[in-house]
Amino acid sequence: MRDIRNAVEKVGATVEEDCGFRDMRVIQLVAPMGKLWAGTDCQSEPIHWACGSSVHAVACNETAFSYILDTLSHGLRDMTIAERDDYEQ
């Protein structure tokens with residue numbers, strides 16, 4: 001998780017833990033104010049992260065890690081004026 005936080009912070013965003021249930025944690029990659037993730041045009045990207053080392057947990061986290069890398073590869077972009085208006089309401 002530390003490596004994920006470091007990578008996300010390098011692009012200027014943050015990782016926030018949203019909630020947890022059973023053996024899963026939901027974290028969010030949150031873009032700073034005025035920015036969106038360029039690949040999805042969203043301010044935050046939810047990620048399901050499995051706890052433990054079971055085969056299912058490892059497979060889930062490999063998929064999650066791939067999604068995180070894809071999100072980071074697109075980077076952040078500035079919001080348009082219309083998007084800012086939508087987010088400020």
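Analyst: A residue is called buried when its relative accessible area is under 20%, exposed when that area is over 50%, and partly exposed in between. By this cut-off E83 is buried, because its relative accessible area is 19%. The model is predicted, and the values that follow are computed from it.

E83 is the acidic partner of R77 in a salt bridge whose closest N and O atoms lie 2.6 Å apart.

The search of the whole structure gives four salt bridges. One of them brings together K35 and D78, with 2.8 Å between the closest N and O atoms. This pair links distant parts of the chain, since K35 belongs to strand 3 (residues 35–37) and D78 to strand 5 (residues 76–78), 43 residues apart. K35 is partly exposed, with a relative accessible area of 28%, and D78 is likewise partly exposed, at 47%.

Another salt bridge joins the side chains of R25 and E17, at 2.9 Å from N to O. R25 has a relative accessible area of 22% and is therefore partly exposed. E17 also counts as partly exposed, with 43% relative accessibility.

R84 is placed in helix 3, which covers residues 81–88. With a relative accessibility of 37%, R84 counts as partly exposed. Leaving aside residues up to four places away in sequence, R84 touches G34 and M79. The C-alpha atoms of R84 and S44 are separated by 15 Å, the two residues being 40 apart along the chain.

In soluble globular proteins, nonpolar side chains tend to be buried together. Here the largest nonpolar core has 13 residues, and the members that touch the most others are I4, V8, V15, L29, W37, I47 and I68. Two or more residues come from each of helix 1 (2–10), strand 2 (24–30), strand 4 (44–50) and helix 2 (55–74). Helix 2 contributes the most, with three residues.

How values were computed:
Residues numbered from 1 in each chain as written. Predicted model: local features only at pLDDT ≥ 70, side-chain atom pairs only at ≥ 80, totals over all residues. Heavy atoms only, no water. Core = buried A, V, L, I, M, F, W, Y, C linked by side-chain atoms within 4.5 Å. Buried < 20%, exposed > 50% of the residue type's maximum accessible area, 1.4 Å probe, protein only. Helix = DSSP H or I, 4+ residues; strand = E, 2+ residues; numbered from the N terminus. Contact = heavy atoms within 4.5 Å.
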